[in-house]
Amino acid sequence: MSQEPNSEDQKSPSDDSKPYVITPEVFLARMTEIANRPMDSEDQHGDADVLMMETLRSLGYDEGIDAFENMDRWYP
């Protein structure tokens, strides 16, 4: 489900020169790619969740995302 960051679009998490933050432009591009994949809506929502969690973690919301990941979901 998860997609690795595109090194052409943003800094890699291993690049110590700047904090790893998913920009609005990268978020839009990746979310649009997920929305356009030929898959069922449950898989799209699961992939979109992963991207949103990754984005929020990149902004420092780790504890909130940990709580979200512990919730039961009706889709993968």
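Predicted model: local features only at pLDDT ≥ 70, side-chain atom pairs only at ≥ 80, totals over all residues.
Val21 counts as partly exposed because its relative accessibility is 35%; the class covers values between buried, under 20% relative accessible area, and exposed, over 50%, with a 1.4 Å probe and protein chains only. Val21 sits in the segment before α1. Helices (H or I, at least four residues) and strands (E, at least two) are DSSP runs, numbered from the N terminus.

Together with Leu56, Leu59 and Tyr61, Val21 forms a nonpolar patch on the surface, with about 360 Å² of accessible area. Patch members have over 30% relative accessible area and no salt bridge, with like charges joined within 9 Å and nonpolar side chains (Val, Leu, Ile, Met, Phe, Trp, Tyr) within 5 Å. A salt bridge is a side-chain nitrogen of Lys or Arg within 4 Å of a carboxyl oxygen of Asp or Glu. Accessible areas come from the Shrake-Rupley method with a 1.4 Å probe; for residues, only the protein chains shown count as cover.

Residues are numbered from 1 along each chain as its sequence is written, and side-chain values use heavy atoms, leaving out hydrogens and water.

The mean pLDDT (the predictor's confidence in each residue, from 0 to 100) is 82, and 74% of residues reach 70 or more. Helix α1, residues 24-35, has the highest confidence at a mean of 97, and α2 the lowest at 93. Over residues 1-12, pLDDT stays under 50.

## The overall build

The protein has 3 helices and 0 strands, in the order α-α-α from the N terminus. Of its 76 residues, 26% are buried. The protein exposes about 5400 Å², with carbon and sulfur atoms supplying 54% of that area.

## A look at helix α2

Helix α2 has 18 residues and reaches 25 Å from its first C-alpha to its last, close to the expected 26 Å, a span given by 1.5 Å times one less than the number of residues. Its buried residues include Gly46, Val50, Leu51 and Met53. Among the elements covering the buried residues of α2 are α1 and α3 (62-69).

Gln44 also belongs to α2 (residues 41-58), and counts as buried because its relative accessibility is 18%. Beyond four places in sequence, Gln44 is in contact (heavy atoms within 4.5 Å) with Ile34, Ala35, Asn36, Arg37 and Met39.
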